[in-house]
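I opened this entry to keep track of what I looked up. The notes go residue by residue and then turn to helices and rings.

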Amino acid sequence: MTGASLIHLTQTVVNEQDVVTEFEQILLVGLVFVIMFGLGAGLTPRDFRSALRRPWGLIIGFVTQFGIMPLLAYVLVIAVLFQLPREYAAPVALGALLMGCVPAGTTSNIFTYFSKGNLALSVIMTTNSTLWAILMTPLVLAFYGSLVFDAESDLQIPILNIVVTLATLLIPVVAGMILRRYSANVGAVMELLGGFFGLFFIVFLMATWVPRNWALLTSTPWQTYLVAIGLGLFGIAIAYAIARAIRMHPMNARTIGLETGIQNGPLAIAIVLLTFAGSPDIGLILIVPALYSLFIVIVSTVVTFYFRRANLAEEQKIPNLL
């Protein structure tokens, strides 16, 4: 990057409306509530009993989700993003760290299905990480944030606000679980509706957000793209490699890889919008979550084509302990 580009970058101000319009903010928060409700509606007490009887998949998923992904985000921020002027890199780094600390996204269930993975394990892992997020997301974000931002920094992480936001966004998950408990048919419909709106968000992002923000996308440094894309791609690859190294069934290894790398992009954006409202840096904080949400679909599609080469007939001969 040339000196002139660096000077321009330090003077860059990305307004909140440049990244997400007011209409998109309202729509997004509404979609997140519906998606989270659908996530809860997809669960039954039987799912939890089954998961507790054979918890290794949940344990490994928890470790990769809240161990590998935040660490990966931190490494990418330090090694790649901080090559840029700190005035630009610091708020973008905050968004990147948040993106690495949120739980798994519901789209991981869809890609797990098409990747010949363990769909039941995928669903329970998504919900497990979502419920744990109210504790783990602020905890790991505060830890890595303390390593990146010093006490005198103008950019501080409002941990309490994030906890309150997560608690609020978990309400529809619990409501969905209660609905499924007392009305299985309605719960099943809401589960499908949540999945539909998850796909709608992705299509909406690609069809409207990209053309409107083309100038912003073309002026964004390649380091920011590398962080946004690498977070999902490296997360999937590392978790899959670990699962295979400890001799997990290939079907479960694919599931854990996708569950780890596919973060809840809409949730991360909603947290930024609800937590950093009024901050002059909110536009820059939103960049990585927005780019991640866009490119994770492409990354996951490529990975899915790779995973679909699996020979299920041969895999059925391998003992499956999950």
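**Entry 1: S122 and its surroundings**

I began with S122, which, apart from neighbours within four places in sequence, is in contact with S108, N109, T112, T255 and E259; contact means heavy atoms within 4.5 Å. The model is predicted, so local features need pLDDT of at least 70 and side-chain atom pairs count only at pLDDT 80 or more, while totals for chains, interfaces and linings use all residues. Residues are numbered from 1 along each chain as its sequence is written, and side-chain values use heavy atoms, with hydrogens and water left out.

I placed S122 in helix 8, residues 119–148. Helices are DSSP runs (H or I, at least four residues), numbered from the N terminus.

Is S122 buried or exposed? I found it buried, because its relative accessible area is 0%. Buried means under 20% relative accessible area, exposed over 50%, and partly exposed in between (1.4 Å probe, protein chains only).

Which side chains make polar contacts with the side chain of S122? I noted N109 at 2.7 Å and T112 at 3.3 Å. A polar contact is a pair of N or O atoms within 3.5 Å; within protein, one must be able to donate a hydrogen and the other to accept it, and residues adjacent in sequence count only if both atoms are side-chain atoms.

**Entry 2: Helix 14**

I looked at helix 14, residues 265–275, next; ten of its eleven residues are buried, so the rest of the structure largely encloses it. The buried residues include G265, P266, L267 and T275.

What caps the N-terminal end of helix 14? I found N264 there, with a side-chain oxygen 3.1 Å from the backbone nitrogen of L267.

**Entry 3: Positive phi**

I kept in mind that most residues other than glycine have a negative phi. K116 has a phi near 60 degrees, a positive value in a residue other than glycine. I located K116 in the loop between helix 7 (107–114) and helix 8. K116 counts as partly exposed because its relative accessible area is 23%.

R247 also has a positive phi, near 65 degrees. I located R247 in the loop between helix 12 (222–245) and helix 13 (250–261). With a relative accessible area of 76%, R247 is exposed.

**Entry 4: Aromatic pairs**

How many aromatic pairs does the structure hold? I read off eight. Rings of Phe, Tyr and Trp (its six-membered ring) pair if their centres lie within 6.5 Å; planes under 30 degrees apart count as stacked, over 60 as edge-to-face and the rest as tilted.

I took F62 and W132 as one case: the ring centres are 5.2 Å apart and the planes stand at 65 degrees, so the pair is edge-to-face. This pair links distant parts of the chain, with F62 in helix 5 (residues 56–79) and W132 in helix 8, 70 residues apart. F62 is partly exposed at 25% relative accessibility, and W132 is partly exposed at 38%.

I then took Y74 and Y144, whose ring centres are 5.4 Å apart with planes at 35 degrees, so the pair is tilted. Y74 lies in helix 5 and Y144 in helix 8, 70 residues apart. Y144 is buried, with a relative accessible area of 12%.

I also noted that ring pairs link F62, F66 and W132 into a cluster.

**Entry 5: Confidence**

The protein chain averages 81, and 80% of the residues score at least 70. Confidence is lowest in helix 1 (residues 3–10), at a mean of 47, and highest in helix 12, at 94.

Key
Helix = DSSP H or I, 4+ residues; strand = E, 2+ residues; numbered from the N terminus. pLDDT = per-residue confidence, 0-100.
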